[in-house]
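Visitor: I have a model open and would like to learn how to read its features. Please take me through a few of them.

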Amino acid sequence: MYKLKELDKDTYESFVKNNIYKSHFLQSYAWGEFAKEKKNKNVYNLGLYKDNTLVATALLLQTKLPLGYSYFYCPRGFVLNYEDEEVFNNMTKEIVKFAKANKAIFVKIDPDIIRKSINYKDEVNNLNYNPEKIFNMIKKAGFKHLGFTKNFETNNPRYSFRIDLTQSMEDIRNHYSKTAKQRIKKAKKLKTIVKIGTEKDLDTFCKLMQITEDRKDFVSYSNDYYKTLYNIFNKENKMTLFLGIVNIENILNDLKYEKEAIDNTINDILIDNNDEESLSKSQKNRLKEARREKEKKEKDIEKYSKYLKDYGKEITLNAHMIIEYGDKAWVLYAGNHNILTETGSNYKVYDEHIKYCKERGLKIDDQFGTIGDLSKDNPRIGLHEFKKKFGGDYVEFLGEFDYITNKLMYFIFNTLIPIYRKLVRNKSKKVIKNEVKGNK
């Protein structure tokens, strides 16, 4: 006999966090707390019991609609064994019953089920389950699939890169692209600093998110949004802020030292003979190369002198939020400055947080989102190519499914809501820009 019950925090978390089949931060108790406080959702932590055994859970987020209607979203849920059709069908039955009792017009799920996985060699990975069978089971239970979308049309990304942290760190780094390895090497040469930030650094993080938004055209959030998320998850030390910092003064001093060495080389070539025409061919080539290097160093010195004047001795170029839950980590948000990208600091930050997660004993590092449309004119292709450089498995999830409980209201919702969301998105961008300007 199956029965759906509301669960207390300890019972719920014990099942979800340690679940051998599925464990995702979007199904955590903490995410429910955050959604209630910052997203204005009604939150339900539900569990399905078979007799006296808990066999499935669901974090349901309820969004209120006019006229007393609502809808439920179970992000990356349900949490259960998707190869057990009996459990899934009974979970669906009980959740739908619960939704109807709350005048919901539909229930949305987007299970953490991989449809396809491709490794860094572009080889298809074998999965230990049949995704097509699970896909058909979900549809058979009454859910409507919303399509195999290719970009960021869904609530959560349908594609991502996942790094297997059970490998050695040496193997993980061997899978990095040549470009990534070169950029990390350069960042080390420039003594780029990667450190773990605190709540005090969230204002800097937010400004970097705003810069990234302006560059890549997406909506970031307010300082309070990020601070609330940070504090809720850090009740259990599961949110880490990584900062990539460049010391402009040190780089400038190194450039001046290198220019001085080049000047000495030029003087050594000319010291015995001021008549350049009398130099040997090899000496002329050395002199030409030295002067070319000197010119480059002088331009770099001029550039970094301006940066030192504008930004001071140090500047934080990158700030990444890494969230941990169960045996996985997700790169939830990443803000990056427009300047000094040639320092490779962003690459070093990624390398350091991958190492950090590996040392924490986690099994998966999820880059949390990329695209399926890999055409060259896709404005997100740069994001995809960057994340690909770290050698993770390119994974595709099943996507979103809706269980429709009120066909008429569902039709109205899907006709009007996209227009409303567009208006809200434009308004949010304006509000956040004004807020960030006010914080400068």
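Predicted model: local features only at pLDDT ≥ 70, side-chain atom pairs only at ≥ 80, totals over all residues.

Visitor: Which residues have the most contacts inside the largest nonpolar core?

Guide: In soluble globular proteins, nonpolar side chains tend to be buried together. A nonpolar core here is a set of buried Ala, Val, Leu, Ile, Met, Phe, Trp, Tyr and Cys residues joined through side-chain atoms within 4.5 Å; buried means under 20% relative accessible area, exposed over 50%, partly exposed in between (1.4 Å probe, protein chains only). The largest core has 38 residues, and those with the most contacts inside it are Phe25, Trp31, Leu229, Phe233, Met321 and Tyr333. Helix 8 gives the largest share, 6 residues. Helices (H or I, at least four residues) and strands (E, at least two) are DSSP runs numbered from the N terminus. Another core, of 37 residues, lies apart from this one and includes Leu48, Ala58, Leu80 and Ile134.

Visitor: At what angle do helix 2 and helix 8 pack?

Guide: Axes are lines fitted to C-alpha atoms, for helices over the stretch in contact, and angles run from 0 to 180 degrees between N-to-C directions. Helix 2 and helix 8 pack at about 150 degrees, with axes 10 Å apart. Contact means heavy atoms within 4.5 Å; among the residues making it are Trp31 and Phe34 of helix 2 and Leu229 and Phe233 of helix 8.

Visitor: Is Ile301 buried or exposed?

Guide: Ile301, in helix 10 (residues 281–311), counts as buried because its relative accessibility is 14%. Not counting residues up to four places away in sequence, Ile301 touches Leu252, Leu255, Lys256 and Lys259.

Visitor: Which peptide bond is cis?

Guide: The bond from Gly77 to Phe78 is cis, with omega near 5 degrees. Phe78 is in the loop between strand 4 (70–74) and helix 3 (85–101).

Visitor: What is phi of Asp51?

Guide: Asp51 is not a glycine, yet has a positive phi of about 60 degrees. Asp51 is exposed, at 54% relative accessible area.

Note on methods:
Residues numbered from 1 in each chain as written. Heavy atoms only, no water.
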